Protein chains: 2
Amino acid sequence: MSRAPVRQGRRPVNAVDVAELAGVSQSAVSRTFTPGASVAPATRDKVEKAAKKLGYRPNALARSLITRRSRIVAVVMAYLDNQFYPGVLEALSGKLQALDYQVLLFTSPDGSLSDPMFEQVMRYQVDAVVLASASLSSALARECRKAGVPVLLFNRTTDDPDVSSVTGSNELGGRAIAAFLAAGRHKRPAYLAGIEISSTNRDRERGFRAGLAAAGLPEPLRAVGNYTLAGAEAATRELLSLRKRPDAIFCANDHMAIACLDVARHDFGLRVPDDLSIIGFDDTGPAQWRSYQLTTFSQPLHPMVDSTVEAVRELIDQPYQKARRTVIGGELVVRASARLPKQGLMDINGRRVWRANGES
Amino acid sequence: MSRAPVRQGRRPVNAVDVAELAGVSQSAVSRTFTPGASVAPATRDKVEKAAKKLGYRPNALARSLITRRSRIVAVVMAYLDNQFYPGVLEALSGKLQALDYQVLLFTSPDGSLSDPMFEQVMRYQVDAVVLASASLSSALARECRKAGVPVLLFNRTTDDPDVSSVTGSNELGGRAIAAFLAAGRHKRPAYLAGIEISSTNRDRERGFRAGLAAAGLPEPLRAVGNYTLAGAEAATRELLSLRKRPDAIFCANDHMAIACLDVARHDFGLRVPDDLSIIGFDDTGPAQWRSYQLTTFSQPLHPMVDSTVEAVRELIDQPYQKARRTVIGGELVVRASARLPKQGLMDINGRRVWRANGES
DNA sequence: CTGAAAGCGCTTACAG
DNA sequence: CTGAAAGCGCTTACAG
């Protein structure tokens, strides 16, 4: 005889209830709700009627237990005050939902997964993990792989050659910005760094320095903003208080560029771009706002998210395939925060962009 | 004899594997990972060693199946380009994680849950649903209740008296803004509406109109921005193109107020607040940026999120308790986008706020 | 196309 | 404190 239920409460209706009402087996109910399974139209009909009557919905957790597929993707994110990330999250979530995947969200103050958080990710049997935050220990990605869970890094890379990633053109973007500043006859460039150990910061700075050197410009002045508003404000004050202040600042992302621009204008009374050029990276929403009109190197949201979703699906299907680093192209979007060069400007798809001579 | 496994692939380690290695029963393994269960220290020790060695992690989905608790909360959100929501999401997710709940995120373009999305929410056996978006059919909340799933409305209410909600002081805020404008000797107020059928818009407008009437001011001019940037820009142009333009615009949220301010300044060449006062609602991050310095009625993030989490926990424990509508207080935060009244300004906790005479 | 049955990985009374 | 056993709600070979 069956014992008392483990926990009291109105028991939800299950497939057996539906089967009884429909006068078929529980297997038939299951097949009716499994896309592609073979059920006679008449059977399906009876089941659907009974299911509707009882308000039956298949239990996705029970299904996951046996299929070993939860259709849940963990997304780890931080810094949601940087508009780049909410945009990514909204697009990513929308696209995954359309493919019948659900997003389990993990946020952490500093963008790193604590051990208990990581344990939770694992316990929920997620089909894949998308790590979307600048700072994060590489150990984590390795742990996931060890547990057999596909990982994808979004907007960052790691040294581990076995971990796939999707990023923008960080190095190339940094280089383009240097060339753009040189073409605009700037003489004293500065670099406002993000989190120094992040791959985005490293690559953007590397490209920028290489580009400056190629153009015969001096090494950039430098201050660190750690990708935060407060950090960027302090770093800007630092740079603008130098005896010989820079005539251009490349900020490692738009989020900091906005703080930089506000400090330059309102605390130092500088005209942008007449007294100082400011360039960002990302092309987020606020970069386009009338008060900022930021010149910036874009990281195109939808191509990046599309690649991410595609990579996630491949990793789920073939967990041990070779890792792939996908780099999405961007453009130097020209608005009003930096002095214009004489050449290389063009209008493409309603946006003004800049390309070094010779590129098409 | 056991048959071939349903699906190939490296089988993850389960509690039986750990039990064998540790030389105990599977029950003992389960108890070791169940907080509060009774296990002898020596047994626990053996189990933990074996678990570590094998890389065992309890399967949360299997646990949910039997406990009927998934420890998953669905959060439905839209408009992540309005900075209010990412802030809410980050805080909510952080707080729920600290209580060992996970957030399953659902985003939809228009903030409403489509039928298939709703089906997914139900299939994942979430313990509760937080609906955080301005527009949303009330039918949804009813469906959830019918299915026995606790629902909480965040930043909106519905007519249904059985649905709990957490909101800011929308009506009171609208009233305070009207009083503030009157005290600042404005004569021609305007209201820039959000989504007209949303409860936030209805309540803010109602309070604003009541406050204007109480102060002897005329009915506001009016245009609809639908809580979007583009909508707010068009609505602002409409208002500022009137023969007798308003001398103050109350925008139903900060997101629109920023667009409004940019259009007023850059398209119409108006000085804010000398030529035109602009007031928002929410007190989001960008409202504080130097280029905007928005005067706005605050919806304090952490109190709202704390109440939400508390309400969710209560609803989970007592699903059929009486609904409660929690209203969180806010302040009229005074910055630089509206002309100042002579009286009622005070500095509290480093913020300048305004309160009508007589309030303390 | 259909049903009976095994099994996914757990929790939890129950009896010791 | 511990183990054997039932059962949570499904999917899916298998045999018909």
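The report below takes up the interface of the chains, then a sheet, then a pair of helices.

The model is predicted, and in it 48 residues of chain A are in contact with 49 residues of chain B. Sorted by class, the side of chain A that touches chain B comprises 21 nonpolar, 17 polar and 10 charged residues. The elements of chain A that give two or more residues to this side are helices H4 (60–67), H5 (84–98), H6 (115–123) and H11 (254–267), together with strand E2 (102–107).

Within chain B, eight strands form an open sheet of mixed pairing, in the order E7-E6-E8-E9-E10-E12-E14-E13. Strands E7 (221–224) and E13 (345–348) of chain B are at the edges and each has a single partner strand, so one side of each lacks a neighbour in the sheet. In this sheet, E8(B) (residues 248–251) is joined to E9(B) (residues 277–282) in the parallel sense, and Ile249(B) stands opposite Ile278(B).

| Pair | Sense | Bridges |
|---|---|---|
| E8(B) and E9(B) | parallel | three |

Helices H1 (residues 15–22) and H3 (residues 41–54) of chain B have axes that come within 8 Å and cross at roughly 120°, and the two helices are therefore oblique to each other. Their crossing is right-handed. Among the residues making the contact are Val18(B) and Leu21(B) of H1(B) and Val47(B) and Ala50(B) of H3(B), and by class the contact has seven nonpolar, no polar and three charged residues.

Technical notes
Residues numbered from 1 in each chain as written. Chains lettered and ligands numbered in written order. Predicted model: local features only at pLDDT ≥ 70, side-chain atom pairs only at ≥ 80, totals over all residues. Axes fitted to C-alpha atoms, helices over the stretch in contact; angles between N-to-C directions. Helix = DSSP H or I, 4+ residues; strand = E, 2+ residues; numbered from the N terminus. Parallel < 35°, antiparallel > 145°, perpendicular 65-115°, else oblique. Left-handed = near helix turned anticlockwise from the far one by under 90°. Contact = placed C-beta atoms within 7 Å. Nonpolar A, V, L, I, M, F, W, Y, C, P; charged D, E, K, R; others polar. Pairing = 2+ DSSP bridges.
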